[in-house]
Amino acid sequence: MKETKFTDHLDALRDFSLSHAEPEWMLDLRITMLNKIAELDLPFFERVKINRWPLLETPEINLETEALMLADDFLEVDNDAPKIVQIGRHTALEQLPMELIEKGVIFTDIFTALTEHPELVKEAYMQLAVKPDEDKLTAFHAAFMNSGIFLYVPKNVVIEEPLEALFVQNSQIKENFVKHVLILADTNSEFSYVEKYQTIGNEKNTANIVVEVITKPGSKVKFSAVDQLGENTTTYFNRRGHLLKDSTINWALGVMNTGDVVADFDSDLIGEGSHSEVKIVAISMGKQVQGIDTRVTNYGRHSIGHILQHGVIRDKSTLTFNGIGHIIKGAKGADAQQESRVLMLSDKARGDANPILLIDENDVTAGHAASVGRVDPEEMYYLMSRGLRKQDAERLVIRGFLGSVIAAIPIKAVRDELVEVIERKLSL
């Protein structure tokens, strides 16, 4: 892995922070982590070697606004639906209905939130879910974060319509895509959030994306994502939930990128009765490498964490699912379940599904299922005997394999979009 001397960027980081009027604590965090990157280790992903990946390359920090032709479809909105569109580092659209503003909902870019709501952001930004000094990649993120959003839903506020964020990586230029999403669900709030990632342009770039979801007691969040970053993008995802008493996060994640990806999808069940459901579908193609660690840690009594992930691999690609369920001492009555399955469509593809259960408490429920296998020849024979071409029969098998996970996703619009994306990928 190629690394620059990170402290060479100190003056540029100061200028960047000043240009965005960041509070002093934010600049202090950047500088502290800039000085710590070199001494920290890379995160470890079982069976995925990332030491040669360009995740720590740092192009020049550009303060200028790049010229960019915006495609009209990026800016399409339905009436006054709550939506944010960011292209590269810049916000192209920000829309929130007045009725939600009057209820105290905040849905804005991260730099506006830092200047207008600094105490709210400071309460949660890399303090509870993701700690900045966990490893090289979290420290790099804390130092070089250059865009993102903040969503806050106040106590007892229930939002019926999903809030949507579209993040378009601008690979028409050489620029790191260091995106931070901070979601704070206050006590007994309830809402759905959908985020989508896309790439325009063909420059070789990196992406370092951290998503923190903090759920206070009794809150309920449905979090959905469709990731479609480009084949010239090497990506690190870190999505993590920090759940307090009787709160819930339902994760539905479609990992549809075409470049190399490592991802941490984690839920820390801190409070008693907290509950996380994690549903993931992934497709790997070409020579792509994807390593996905999905972890649920039960700290609270009677907390529930379930993982369901299915993936398909083609050509010479690699897909690794590492499922980790950890019940901490004291978490009596906890429940940790996981299922990871990989379907291989090529003799040259490589798939792994590694279940890990760490149980430090009695009086708990835990279990796992994992499999890696090929398409059943008898199933293919049956479909082709009914007049289907091999390619069409294979697509039907894949739909059935991924369908059990997609059907469990709670937001219909996300289910429909994932089906469309999968169809496009399988037709390549």
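Which residues touch the most other members of the largest nonpolar core? They are Leu 151, Phe 191, Tyr 193, Tyr 197, Phe 223 and Ile 292, in a core of 51 residues. This is a predicted model, where local features need pLDDT of at least 70 and side-chain atom pairs count only at pLDDT 80 or more, while totals for chains, interfaces and linings use all residues. Residues are numbered from 1 along each chain as its sequence is written, and side-chain values use heavy atoms, leaving out hydrogens and water.

**Nonpolar cores**
- A nonpolar core is a set of buried Ala, Val, Leu, Ile, Met, Phe, Trp, Tyr and Cys residues joined through side-chain atoms within 4.5 Å; buried means under 20% relative accessible area (1.4 Å probe, protein chains only).
- Leaving aside neighbours within four places in sequence, Tyr 193 is in contact (heavy atoms within 4.5 Å) with residues including Phe 107, Leu 151, Val 181 and Phe 223.
- A second, separate core has 43 residues, among them Leu 34, Val 178, Leu 184 and Ile 214.

**Annotated domain**
- An unreviewed UniProt entry carries the annotation "domain: SUF system FeS cluster assembly SufBD core" for residues 175-401; such annotations may be inferred rather than shown by experiment.
- Residues 175-401 are 9% helix and 61% strand (DSSP runs of at least four residues for helices, at least two for strands).
- The end C-alpha atoms of residues 175-401 lie 37 Å apart.

Terms used. Buried < 20%, exposed > 50% of the residue type's maximum accessible area, 1.4 Å probe, protein only.
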